[in-house]
Amino acid sequence: MGKELKTNAMRFLDKSKIDYTVQTYECDEFIDGIHTAEKLGQPLEETFKTLVAQGKSGNYFCFLIPVALELDMKKAAKSVGEKSVELIHVKDITKITGYVRGGCTPIGMKKQFMTVVHNSAESLPLFYISGGRIGTQIHLSPQELVKAIRGKFEDIIL
């Protein structure tokens, strides 16, 4: 990878001895996951976005779903044992996670939040998630990721 700076996510994966590859792309500002996948030639069903929500309890949670799909808020809440969850405001992403919009990933955040990955990833050998900054994607095993962050797979989409 040469002189490329490692993100907190990459340092976490290195420390956890999880194999991954990095894909980068030119991007001056946030672009959505569908455009990112298309730009990199990644299948939409293998490219996941990270959504951060807050439950009624005040706890935060991460949900990883395919970029072209929508989170089912009721299923998401049930998956983490909450009555309800609400996505956090874009302006609060950095304060809560340490990452910027478009670079948010479930690993290497200020604090590790309970993470639920849509169960379609369970059968994939590898998938793409944000690498921890805009313009960076990580390709890795969803099973290894879930094991390392003590997350789980569940059906959480509409």
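Predicted model: local features only at pLDDT ≥ 70, side-chain atom pairs only at ≥ 80, totals over all residues.
Trainee: I see several strands side by side. In which order do the 5 strands of the open sheet come?

Mentor: Begin with the general idea: strands of a sheet pair through backbone hydrogen bonds, either parallel or antiparallel. Here the order is β4-β2-β3-β5-β8, and the pairing is mixed. β4 (85-87) and β8 (152-154) stand at the edges with a single partner strand each, so one side of each has no neighbour in the sheet. On average, neighbouring strands are turned by 35° against each other, direction ignored.

Trainee: Do β5 and β8 pair in the parallel or the antiparallel sense?

Mentor: They pair in the parallel sense, over 3 bridges, with β5 covering residues 114-118. To find one of the bridges, look at His118, whose partner in β8 is Glu154. Helix α5 (residues 142-149) packs on this sheet, where it touches β3 (60-66), β5 and β8. The direction of α5 makes about 120° with that of β8.

Trainee: There is also an open sheet of 3 strands. What is its order, and how are its strands paired?

Mentor: The order is β1-β7-β6, with antiparallel pairing. β1 and β6 are the edge strands, each pairing on one side only. Neighbouring strands in this sheet are turned by 30° against each other on average, direction ignored.

Trainee: How many bridges join β1 and β7?

Mentor: There are 5 bridges, in the antiparallel sense. As an example of facing residues, Val22 stands opposite Ile138 in β7. Helix α1 packs on this sheet and touches β1 and β7, its direction making about 20° with that of β7.

Trainee: And what joins β6 to β7?

Mentor: Strand β6 (residues 127-130) and strand β7 (residues 136-140) run antiparallel and are joined by 4 bridges. Tyr128 stands opposite His139 in β7. The hairpin of these two strands has 5 residues between them, and Gly132 takes a positive phi near 105° there.

Trainee: Which residues other than glycine have a positive phi near 55°?

Mentor: As background, most residues other than glycine have a negative phi, and most peptide bonds are trans. In this model, Lys17 has a positive phi near 55°, and Arg150 also has a positive phi near 55°. Lys17 is found in the loop between α1 (8-15) and β1 (20-24), while Arg150 lies in the loop between α5 and β8. Lys17 counts as exposed, because its relative accessibility is 72%. Arg150, at 70% relative accessibility, counts as exposed.

Trainee: Let us turn to charges. How many salt bridges does the count come to?

Mentor: To read one, look for a side-chain nitrogen of Lys or Arg within 4 Å of a carboxyl oxygen of Asp or Glu. By this rule the count comes to 5. One of them joins the side chains of Lys6 and Asp14 at 2.7 Å, N to O. Lys6 is partly exposed at 33% relative accessibility, and Asp14 is partly exposed at 35%.

Trainee: Which parts does the pair of Asp155 and Lys75 tie together?

Mentor: The side chains of Asp155 and Lys75 meet at 3.1 Å, N to O, in a salt bridge. Asp155 lies in the segment after β8 and Lys75 in helix α3, so this pair ties together parts that are 80 residues apart in sequence. Asp155 is partly exposed, with a relative accessible area of 35%, and Lys75 is partly exposed at 31%.

Trainee: Which residues are linked in a network of salt bridges?

Mentor: Lys91, Asp92 and Lys95 are. Asp92 counts as buried at 15% relative accessibility, whereas Lys91 is exposed at 67%.

Trainee: Last one: is Asp72 buried or exposed?

Mentor: Asp72 is buried yet has no salt bridge, and the nearest side chain of opposite charge, Lys75, is 4.4 Å away. You will find Asp72 in the loop between β3 and α3 (73-79). The side chain of Asp72 reaches the backbone nitrogen of Lys74 at 3.0 Å. Leaving aside neighbours within four places in sequence, Asp72 is in contact with Ile156, Ile157 and Leu158.

How values were computed:
Residues numbered from 1 in each chain as written. Heavy atoms only, no water. Pairing = 2+ DSSP bridges. Axes fitted to C-alpha atoms, helices over the stretch in contact; angles between N-to-C directions. Contact = heavy atoms within 4.5 Å. Buried < 20%, exposed > 50% of the residue type's maximum accessible area, 1.4 Å probe, protein only. Lys, Arg positive; Asp, Glu negative; His and termini not counted. Polar contact = N/O pair within 3.5 Å; in protein donor to acceptor, adjacent residues only side chain to side chain.
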